[in-house]
Amino acid sequence: MGKRWLVPVSLAAAALIATGCGSSSSGGGTSNPGGGSHTSAATTANELKTTKVGSATLLTDSKGFTLYWFVPDTTTTSKCNGECAKFWPPIKGPVTAGPGVTGTLGTITRADGSTQATWNGHPLYTFKEDTAPGQANGNGKNLSGGVWHDIPLSGAPASSSSSSSSGGGGGGYGY
């Protein structure tokens, strides 16, 4: 009897999580000229690079962590906000292209007003379960309302360790 309050609190928490992961922004996209050029010999914090993961060379951040794109996103809007962004941190923009990085780099404005980097029109993210450079644990995951993909610049995409159905996988986060 004393635990009846748990049901409304649980429902409210679930609603907040769903709202955070499904929200969107109305920010416009901007281009970053020279998307394929290398401007510095040293790797900087905002420079993207390539890293060999399995049989593929993937787009990574300056530390070698795999970058991902989210199917529900658009070229001007990130659909991963709130709780979702805690597990799939957005890459702050603008970014520059390191050696071997091809494609067009740009930025969008997120719902919170921050700037997020894009590659070929896809907003970029890392994955919290990639705990070391060279991992691609988020590839093929169906979480937060859509599927996540790494970005192979050559070779085959990294194999997904567990392509899960909606609501599954992700180490039990259930976001």
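**The aromatic cluster**

Reply: Tyr125 is buried, with a relative accessible area of 0% (buried is under 20%, exposed over 50% and partly exposed in between, with a 1.4 Å probe and protein chains only). The model is predicted, so local features need pLDDT of at least 70 and side-chain atom pairs count only at 80 or more, while totals for chains, interfaces and linings use all residues. Residues are numbered from 1 along each chain as its sequence is written, and side-chain values use heavy atoms, without hydrogens or water.

Tyr125 belongs to one aromatic cluster together with Tyr68, Phe70, Trp88, Phe127 and Trp148. Rings of Phe, Tyr and Trp (its six-membered ring) pair if their centres lie within 6.5 Å, with planes under 30 degrees apart called stacked, over 60 edge-to-face and the rest tilted; by this rule there are six aromatic pairs. One of them is the stacked pair of Phe70 and Trp148, 4.0 Å centre to centre with 15 degrees between the planes. Because Phe70 lies in strand β4 (residues 68-70) and Trp148 in strand β10 (residues 146-150), this pair ties together parts that are 78 residues apart in sequence (strands are DSSP runs of E, at least two residues, numbered from the N terminus). Phe70 is buried, at 1% relative accessible area, and Trp148 is buried too, at 0%.

Trp148 also pairs with Tyr125, in this case edge-to-face, at 5.0 Å centre to centre and 85 degrees between the planes. Since Tyr125 sits in the loop between β8 (122-123) and β9 (142-143), whereas Trp148 is in strand β10, the contact links parts that are 23 residues apart in sequence.

Conventions. Helices (H or I, at least four residues) and strands (E, at least two) are DSSP runs, numbered from the N terminus.
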